[in-house]
Amino acid sequence: MPEREAGEPLGTPTLEVRDFLRQRREQIAQRWADEPLFRAVFTLSRDEAVEAGKAVVDALAQVADAQRIEDSDAAGFTGVREQLARMTAARSHAGLSTAQVSNELAALWPPVENLLAADLEQAPSEELRACTTTLSVLMGTLRVVAMQTALSEGQALIDRQRLQLLEVATPVIRLWDGIVAVPLIGTLDSARSQVVMETLLNAVVDQHARFAILDITGVPTVDSLVAQHLMKTVAAARLMGAECIVSGIRPAIAQTMVHLGLDLGSVLTRASLADALGYCLHELGVDVVSTTTGSAVRR
């Protein structure tokens, strides 16, 4: 082990571990570069894996220097969180489960333990035991940090995918020049209702729409909050210069809205999407001609 700096207490396991990590930085990184976690992620260059290992060792030494070996929020881990996230994400994308990734993180411990035991071969058994325990705790905290980071990244990915699914599940259809429609299917919640509003308003602007149809034929139920969102969407579309028509209100939804005491006097409704489209076409001065009767049908 290297000599301690002046003024530091003698025999402090945490500081001894810090000195060990600084002295054996290169050897630890070289051994880690051959472990699956590093070898499988840094496939282009072994030197890249070694440099990544050195960064992790430096982080551990910094945490030990601050004597916060059990604190996963220690400042020393900040610099390697992104790297750990990239590594664990790469292994997850390769098909490994969370438990398998955790086991690969645990496999980083034996190479470090062997080097520590070799350095303290002549040291008293109590010193060896204390330093080994300290290093074990520190490596365990690193494992916790890596898994926390992986879970956070995973949750962020799920949130992004959920938003993308919401957007995909809320298509805007251009039915005619100046007419757009949003056919809604499935359960509406506050988050999806917000996406509906944003999507519809953007379509109104992009398509220069005069009419916007919200068709809720495929929506089984709505609660008071969702109903209020729909009414706000209608009002927002009107502010954008488009008339918004709500079509396909089921009997159960109509009863719910009445029971909730919602004022729908300002909301234009139609029984079906076809009726709503017919109304919009009529307002645009377009006649719908029946192929069977040859007469114009106005709705």
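Helix α12 (residues 273-283) has A276, G278, Y279, C280 and L281 as its buried residues, where buried means under 20% relative accessible area, exposed over 50% and partly exposed in between (1.4 Å probe, protein chains only). The model is predicted: local features need pLDDT of at least 70, side-chain atom pairs count only at pLDDT 80 or more, and totals for chains, interfaces and linings use all residues. Residues are numbered from 1 along each chain as its sequence is written, and side-chain values use heavy atoms, with hydrogens and water left out.

**Confidence and overall composition**

- The mean pLDDT (the predictor's confidence in each residue, from 0 to 100) is 84, and 87% of the residues reach 70 or more.
- Over residues 1-10 the pLDDT is below 50, although this stretch has 19 contacts in the model beyond near neighbours in sequence; a contact means heavy atoms within 4.5 Å.
- Where pLDDT is low, the predicted coordinates should not be read in detail.
- The protein contains 12 helices and 7 strands, which are DSSP runs numbered from the N terminus (helices H or I, at least four residues; strands E, at least two).
- Of the 299 residues in the protein, 39% are buried.
- The accessible surface comes to about 15,700 Å², with 52% belonging to carbon and sulfur atoms; areas come from the Shrake-Rupley method with a 1.4 Å probe.
- Among contacts between residues at least 6 apart in sequence, 69% join residues at least 24 apart.

**Nonpolar cores**

- The largest nonpolar core has 44 residues, and those with the most contacts inside it are L21, W32, F38, L60, L135 and L138; such a core is a set of buried Ala, Val, Leu, Ile, Met, Phe, Trp, Tyr and Cys residues joined through side-chain atoms within 4.5 Å.
- At least two residues of this core come from each of α1 (13-23), α2 (25-32), α3 (36-39), α4 (46-65), α5 (78-93), α6 (98-106), α7 (109-119) and α8 (125-168).
- The most is given by α4, with 10 residues.
- Leaving aside residues up to four places away in sequence, L21 touches I28, V57, L60, A61, L135 and L138.
- A second, separate core of 28 residues includes V182, L201, V219 and M257.

**Aromatic cluster**

- The whole structure holds 3 aromatic pairs, defined for rings of Phe, Tyr and Trp (its six-membered ring) with centres within 6.5 Å; planes under 30 degrees apart count as stacked, over 60 as edge-to-face and the rest as tilted.
- W32 and F38 are stacked, at 6.0 Å centre to centre with 20° between the planes.
- F38 and F42 are also stacked, because their ring centres are 6.2 Å apart and their planes at 25°.
- Ring pairs thus link W32, F38 and F42 into a cluster; the relative accessibility is 1% for W32, 1% for F38 and 9% for F42.

**Cysteines**

- The structure holds 0 disulfides, a disulfide being a pair of cysteine sulfur atoms within 2.5 Å.
- The sulfur of C244 is 9.3 Å from the closest cysteine sulfur, in C280, and therefore too far for a bond.
- C244 is buried at 2% relative accessibility, and C131 is buried at 1%.

**P220**

- P220 lies in the loop between β3 (211-218) and α10 (224-239) and is partly exposed, at 40% relative accessibility.
- Beyond residues up to four places away in sequence, P220 touches G186, T187, R250 and I253.
- P220 and R250 are 30 residues apart in sequence and 7.6 Å apart in space, C-alpha to C-alpha.
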